[in-house]
Amino acid sequence: MSLKLLPFVILSLFLILHSKQAFSQEPQIKSVDINALVNMMEGSFSSEEQSKNDTDYFDIRLHMKKIWSDNQDGKWIYAEMTAAENPDKPYTQRVYHITQTGNNSFESSVFKISNPLRFACEWKNENPLSSLTPDSLKELKGCDVYFTLVNDTVFQGSTRDTGGPGGRSD
């Protein structure tokens, strides 16, 4: 897999995992609001079933949790990805900054954490990354994901071809 696509893959994973919920339950999103997107993103996700049905996929665990709720400049999410057989040893840790850019559109900027392994399993804590601030992160230019609300329960997201360095540089 191209390392440049990693941020998109991470965010796509939770959208794919939520798509079954979106079509099998009552609509979860009643208004076009940044909280609706962030609430869908937050949680723990697994590709276990997909890996059992298709040997091209690995059993990956993705944990995403809201952080820094006092910040008024959008919403922040800590994301940690691990192989199922090593749940306490993440191979990717990122912070996403979600902002609403229009009536039904949103942008997710991707940030790298210095020495990220010191925060392994931080998603389990009530206030993850409380010892960090946004200005201690390094933005990964060219890795932004742009979301549009398609209907009351589905967001569509993609990156833009910006020629950026990609999401995996650690």
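Residues are numbered from 1 along each chain as its sequence is written. Because the model is predicted, local features need a pLDDT of at least 70 and side-chain atom pairs count only at pLDDT 80 or more, while totals for chains, interfaces and linings use all residues, and side-chain values rest on heavy atoms, with hydrogens and water left out.

The protein chain averages a pLDDT (the predictor's confidence in each residue, from 0 to 100) of 81, and 76% of the residues score at least 70. Over residues 19-31 the pLDDT is below 50, although this stretch has 15 contacts (heavy atoms within 4.5 Å) in the model beyond near neighbours in sequence. Where pLDDT is low, the predicted coordinates should not be read in detail.

Helices (H or I, at least four residues) and strands (E, at least two) are DSSP runs, numbered from the N terminus. Helix 2 (residues 34-41) has six of its eight residues buried (under 20% relative accessible area, with exposed over 50% and partly exposed in between, for a 1.4 Å probe and protein chains only), so helix 2 is largely enclosed by the rest of the structure. The buried residues of helix 2 include Ile 34, Leu 37 and Met 41, and the helix is followed by Gly 43, whose phi is positive, near 145 degrees.

Strand 4 (residues 92-100) is mostly covered, with seven of its nine residues buried. Its antiparallel pairings (two strands pair if DSSP finds at least two bridges between them) involve strand 3 (residues 75-83), over seven bridges, and strand 5 (residues 105-112), also over seven bridges. Ile 77 stands opposite Tyr 96 of strand 4, and Ile 98 has Ser 108 in strand 5 as its bridge partner. Strands 4 and 5 form a hairpin with four residues between them; Asn 104 lies in that loop and, at 32% relative accessibility, counts as partly exposed.

Aromatic rings of Phe, Tyr and Trp (its six-membered ring) pair if their centres lie within 6.5 Å, and planes under 30 degrees apart count as stacked, over 60 as edge-to-face and the rest as tilted.

| Pair | Type | Centre to centre | Angle between planes |
|---|---|---|---|
| Trp 76 and Phe 111 | tilted | 5.6 Å | 45 degrees |
| Phe 106 and Phe 155 | edge-to-face | 5.7 Å | 75 degrees |

Phe 106 lies in strand 5 and Phe 155 in strand 8 (residues 154-159), so their pair ties together parts that are 49 residues apart in sequence.
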